[in-house]
Amino acid sequence: MSGSVRCLIAGNWKMNGLLAESLEFVRQLADNPAPEHVEMALMPPYTLLYSLSAPLADKGVRLGAQSVFYEHGGAFTGSISPEMLRDTGCHYVILGHSERRDIIGEGSELILKKLNASWESGLEPILCIGEHLDEREAGRTNEVLKDQLSVLASVPGDRALTVAYEPVWAIGTGKTATTEQITETHAFVHAELKRLGHDCRVLYGGSVNPANARDILACDGVNGALVGGASLKADSYMALVEAAASVNK
Ligand code: PGA
């Protein structure tokens with residue numbers, strides 16, 4: 001992370017969004033509202049990528065996808081390749097989200113294949129990591145994060161990468177980690193990344209909203225936020241961007 005680090009406000013829409021309402025969302029965004037030190041990105045569902053690509057670019061918002069397949073083409077019914085994502089204008093792809101780990105059963109081996117395929121195609125992965133509540137309560141948070149980050153051990157340090165620390169117990173629950181927990185865990189994640197030869201942004205995710213965003217983004221080691229629920233309405237997403245704009249570290 002040489003030079004100044006831009007604070008990324010990434011909106012993960014998950015399985016939400018139909019065409020008309022999503023175009024209206026983009027229309028409601030201010031024109032290029034983010035200052036130089038803030039970067040905006042949205043990850044709508046696959047079905048909206050083409051339609052939102054140009055309108056979002058006009059507003060200065062980068063496009064991302066929520067997952068990808070690890071092959072580049074061929075007989076893989078129902079799958080989307082990294083090249084297809086690039087073709088829609090995607091810059092980012094979310095990988096390792098806890099909903100894919102826990103509901104779909106994605107594990108480290110599959111995530112590493114997806115990481116490599118993404119890099120081969122010029123996408124920047126946002127690699128999500130995070131512990132469950134029982135793991136935190138058992139004092140195993142760092143052990144779990146270390147294990148999830150170990151997919152990066154064989155990866156050259158110059159790959160475009162963002163990591164998102166998202167405690168699973170804070171996702172969609174309205175519970176956020178305390179600023180002490182966030183600062184402490186981000187310090188561990190940055191140190192572990194460094195040990196593995198990586199130096200990249202680490203976002204925080206899990207019930208980030210306009211009311212708590214400023215305090216979270218002001219924590220040491222927090223380089224942005226990955227936001228689900230609070231990114232679904234334009235005014236709420238803009239409020240997150242404003243919170244990031246007000247923090248200048
Ligand atoms: P949330 O989701 O902001 O709705 O908690 C965050 C995420 O899953 O990335």
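Predicted model: local features only at pLDDT ≥ 70, side-chain atom pairs only at ≥ 80, totals over all residues.
Biologist: How far is a backbone N or O atom of Gly172 from an oxygen atom of the ligand?
Modeller: The cut-off for a polar contact is a pair of N or O atoms within 3.5 Å. Ser207 places a backbone N or O atom 2.8 Å from a ligand oxygen. For Gly229, the backbone distance to a ligand oxygen is 2.9 Å. For Gly172, it is 2.7 Å.

Biologist: What share of the ligand does the protein bury?
Modeller: Start with the ligand taken alone. It then exposes 290 Å². The protein buries 95% of that.

Biologist: Where is Lys14 placed, and what is its phi?
Modeller: Lys14 sits in the loop between strand S1 (7–12) and helix H1 (19–28). Its phi is positive, in a residue other than glycine. The value is near 50°.

Biologist: What about Ser207: where is its place, and what is its phi?
Modeller: Ser207 lies in the loop that runs between strand S7 (201–205) and helix H9 (213–217). Ser207 is a residue other than glycine, and its phi is positive. That phi is near 55°.

Biologist: Which helix gives the most to the lining of the largest pocket?
Modeller: The largest pocket has a volume of about 330 Å³. Its lining has 14 residues, and Lys14, Met15, Gln66, Glu99 and Arg100 lie nearest its centre. By class, the lining divides into seven nonpolar, four polar and three charged residues. Four residues come from the top contributor, helix H4 (residues 98–104).

Biologist: How many helices and strands does the protein chain have?
Modeller: Along the principal axes, the C-alpha atoms fill a box of roughly 45 × 45 × 35 Å. The secondary structure of the chain comes to 10 helices and eight strands.

Biologist: What radius of gyration does the protein chain have, against that of a compact globule?
Modeller: The chain has 249 residues, so a compact globule would have a radius of gyration near 18 Å. The chain's own value agrees with that. It is 17 Å.

Conventions:
Residues numbered from 1 in each chain as written. Heavy atoms only, no water. 1 Å grid on protein atoms, 1.4 Å probe; cavity = no way out; pocket = protein on both sides within 12 Å on 5 of 7 lines; lining within 4 Å. Points joined across faces, edges and corners; volume = space filled by probe spheres on them. Helix = DSSP H or I, 4+ residues; strand = E, 2+ residues; numbered from the N terminus. Nonpolar A, V, L, I, M, F, W, Y, C, P; charged D, E, K, R; others polar. Polar contact = N/O pair within 3.5 Å; in protein donor to acceptor, adjacent residues only side chain to side chain. Areas by Shrake-Rupley, 256 points an atom, 1.4 Å probe, with all protein chains shown as cover. Rg over C-alpha atoms; globule rule 2.2 N^0.38 Å.
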